[in-house]
Amino acid sequence: MKKNLKILLLAVFVAAASCSFTTKSFDDPDKDKLLIDLITYVLEKGHYEAAEIDDDFSKEVYRKFIDGLDPVKRFFLASDIEEFSAYEFEIDDQIKAKDLTFFNLVYSRLDRRMEEAKELYEEALEKPFDYTENETINVDYDKLAYASSKKELKARWRQQLKFSTISNFYDLLEEKNTFESRKATAEEEGKEFIPTGNETLSEEELEAKSRKTTLTSLSEYFDFVDDLESKDYFAIFLTTVVEQFDPHTNYLAPPDKDRFDQRMSGKLEGIGARLQKKNDYINVMEVISGGPAWRGEHIEVGDILMKVRQADESEAVSIVGMRIDDAVKLIKGPKGSKVVLTVKGVDGSLREETISRDVVELEETYAKSSIIGKDTKKYGLINLPSFYFDMQNYKERNAATDIKKEIIELKKEGVEGLVLDLRDNGGGSLRTAVDIAGLFIKNGPVVQVASSGGNKEVLDDKSNEVVWDGPLVILVNELSASASEILAAAMQDYKRAIIIGSTQTYGKGTVQNMVDLNQWLRQSDMGDMGALKLTTQKFYRVNGGSTQLEGVKSDVVMPDRYSYFEVGERDYDNPLPYDKISPADYKVWDGYIDFQEAIDKSKERIELNEQLKLIDASAKYIKQRRDEMDVTLNLGAYSEQIAKNKAELEKFDAIDTYDNKMNFISLPGEVNLMKQDTTLREKRKRWHTNLAKDVYVEEAVNVLQDLKLNNITKSKMAKVKN
């Protein structure tokens with residue numbers, strides 16, 4: 001997609017609503033009402049298939065909003081739900097009238113019930129639980145009725161807290177009871193053994209400690225909740241409303257929009273640290289490798305940030321007790337600016353650190369590659385976690401240019417085949433998917449995009465350059481979605497690559513664009529209104545079929561841990577439907593002479609593969625365990641069940657100890673980087689260890705070995721490149 005996203009979005013709106021966006025004014029003095037008016041208008045005019053805001057719509061918003069606020073039914077009473085139910089079929093009318101009665105009622109009641117709950121959990125955790133009772137809890141909360149009285153609610157809290165605590169208690173007892181064996185094992189392996197201190201505690205002391213752990217966890221949860229304001233809950237309500245149009249249309253409040261931009265670009269401007277609030281304090285949870293805080297050794301994990309001062313200010317602002325989003329706003333800033341932090345070190349000392357902010361690249365977001373050694377041959381593997389791009393400047397850095405660089409470097413090392421790993425890749429930029437497809441084909445259509453009203457656009461690879469003309473395998477699973485499906489589908493339709501993985505991919509065949517809601521407000525003092533991620537189009541394969549719901553079906557299906565779960569678009573309540581349009585004009589790639597034969601050979605191997613049989617059995621067992629909703633709260637029975645589960649799971653240990661007998665090494669340029677960056681070295685070591693256990697990568701390489709190139713076609717392509 002060569003057009004700028006903003007231009008494309010404008011074109012969609014012009015087609016859908018003509019000039020109406022410029023004529024309607026939004027001037028309600030109440031920000032919440034203004035947001036409702038603005039969002040519903042944009043949805044009705046810009047959504048690909050706008051939902052009817054009627055009683056059915058109202059019923060679903062009602063159910064999902066209340067379920068989302070109280071999923072385990074430990075706040076609201078049955079009497080609250082009865083009161084709320086008067087609005088079950090009124091929300092559609094209230095939206096149209098900008099009436100917030102339903103939201104205000106539910107929010108105020110939740111606020112009250114949460115305050116009451118603080119006393120319930122604190123009281124329930126004051127005394128030891130009786131683990132000799134034959135008591136069972138059902139964790140299928142969807143089927144659980146709301147408590148009819150405060151007495152019943154109190155009993156529910158006690159049972160749920162006992163459920164949380166029995167797990168802590170069991171773990172502490174195991175630690176105590178296995179002390180000697182763990183110590184002996186460490187001595188045998190020549191490792192240092194450090195006692196935790198729990199082995200010296202009595203059962204009564206361990207039980208008290210397990211309740212304290214549960215209490216701390218709940219206290220941290222309520223600390224977080226106490227930071228939330230009405231606007232935060234209203235954002236949840238708006239999200240519930242807009243998601244009723246389709247699962248991928250979302251309202252993003254200002255902080256969420258910032259996080260979305262960072263995720264898409266793989267970078268942020270700041271000090272390079274992940275922060276978390278605990279008990280009123282902002283704690284450093286991770287120092288990002290390569291960032292300014294890491295380079296200058298300013299802070300370390302466990303430090304507490306007490307105050308923030310901009311370099312040109314004289315007074316520091318205390319961030320103790322501040323909402324984490326507000327604290328982050330003070331700490332973040334443009335590249336080159338300086339921030340002064342008052343830091344309480346892990347040793348308790350206070351110090352000031354002056355840090356120059358910089359662009360921090362989130363390395364785990366980006367493509368990475370490895371050389372695979374098998375027998376005497378080399379193959380390349382590129383892992384792509386997402387289809388990232390810089391939202392302000394596409395040319396700055398994006399997945400397509402990075403993949404191209406990785407391919408060029410792998411070719412220098414003499415690899416004979418390429419594996420592109422799109423497993424767990426949830427998508428991203430449509431344009432990068434088109435550009436990556438163009439690395440493997442001479443030219444031609446990659447994906448078709450349809451807008452509301454039947455308008456269709458074919459997005460082509462217009463370059464004659466083929467960066468990789470060798471054997472290609474693409475790995476997918478149930479979590480490969482959106483742009484991953486576009487790329488995999490195009491390579492499958494062209495018969496350019498063999499797709500290996502789950503029965504089908506995620507099934508997200510819709511296109512979203514980010515709409516800045518502030519653009520319709522002129523000279524407003526309302527503050528930032530956030531953004532709407534809006535479904536504006538559907539995409540279709542070059543063969544005319546949609547990937548919506550059906551996803552991409554693998555040429556070679558391999559069982560995995562998700563095989564027996566409903567994972568994907570079809571698991572939502574209200575996905576857009578599957579359909580077809582006319583195919584694009586494309587020519588199947590004729591670079592292989594044994595495409596189908598390679599697929600058939602792979603299927604034969606999979607039928608006989610013991611590791612895959614074990615993975616399939618493991619997936620069935622996990623599904624069976626997840627379907628069990630009754631959990632005992634009797635410690636003896638709980639321990640017996642865990643022992644039984646452990647015995648069952650032992651037969652699956654071979655999954656984690658599997659060795660595919662292949663070697664994995666980094667490219668020379670990355671090896672040089674790792675000499676200075678120990679964190680990167682450790683990350684790559686861990687990745688290569690996991691790859692060496694990966695049966696899917698093993699089969700991908702087997703397929704690469706089976707694929708034979710049509711040398712006549714390849715020589716023609718070489719001439720084109722020259």
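Q: Starting with Glu-83, is that residue buried, partly exposed or exposed?
A: Glu-83 counts as partly exposed, at 37% relative accessibility. Keep in mind that this is a predicted model.

Q: What does Glu-83 form a salt bridge with?
A: Its partner is Arg-109. The closest N and O atoms of Glu-83 and Arg-109 are 2.9 Å apart.

Q: Where do those two sit in the chain?
A: Glu-83 is in helix α5 (residues 78-84), and Arg-109 is in helix α7 (residues 101-124). They are 26 residues apart, and the pair links distant parts of the chain.

Q: And Arg-109, buried or exposed?
A: Arg-109 counts as buried, because its relative accessibility is 10% and the limit for buried is under 20%.

Q: How many salt bridges does the count come to?
A: The count comes to 46 salt bridges.

Q: Why do such pairs form at all?
A: Side chains of opposite charge can pair when their charged atoms come close.

Q: OK, another one. Which side chain meets Glu-133 in a salt bridge?
A: That of Lys-162, at 3.7 Å from N to O.

Q: What does that pair tie together?
A: Glu-133 lies in the loop between α7 and β1 (136-138), while Lys-162 lies in helix α8 (residues 150-177), so the pair ties together parts that are 29 residues apart in sequence.

Q: Is Lys-162 buried or exposed?
A: Lys-162 counts as buried, at 0% relative accessibility.

Q: What about Asp-140, which side chain does it meet in a salt bridge?
A: Asp-140 meets Lys-143, and the N to O distance is 3.7 Å.

Q: Buried or exposed, for Asp-140?
A: Asp-140 counts as buried, with 16% relative accessibility.

Q: And Lys-143, buried or exposed?
A: Lys-143 is exposed, its relative accessible area being 74%.

Q: Changing topic: which residues form the negative surface patch?
A: Asp-55, Asp-56, Glu-90 and Asp-93 form a negative surface patch.

Q: Where is Asp-56?
A: Asp-56 is in helix α4, which covers residues 55-69.

Q: Why does Asp-56 count as exposed?
A: Because its relative accessible area is 57%, and exposed means over 50%.

Methods: Residues are numbered from 1 along each chain as its sequence is written. This is a predicted model: local features need pLDDT of at least 70, side-chain atom pairs count only at pLDDT 80 or more; totals for chains, interfaces and linings use all residues. Side-chain values use heavy atoms; hydrogens and water are left out. A salt bridge is a side-chain nitrogen of Lys or Arg within 4 Å of a carboxyl oxygen of Asp or Glu. Helices (H or I, at least four residues) and strands (E, at least two) are DSSP runs, numbered from the N terminus. Buried means under 20% relative accessible area, exposed over 50%, partly exposed in between (1.4 Å probe, protein chains only). Patches are made of residues with over 30% relative accessible area and no salt bridge: like charges are joined within 9 Å, nonpolar side chains (Val, Leu, Ile, Met, Phe, Trp, Tyr) within 5 Å. Accessible areas come from the Shrake-Rupley method with a 1.4 Å probe; for residues, only the protein chains shown count as cover. Lys and Arg count as positive and Asp and Glu as negative; His and the chain ends are not counted. The place of a charge is taken as NZ of Lys, CZ of Arg, CG of Asp or CD of Glu.
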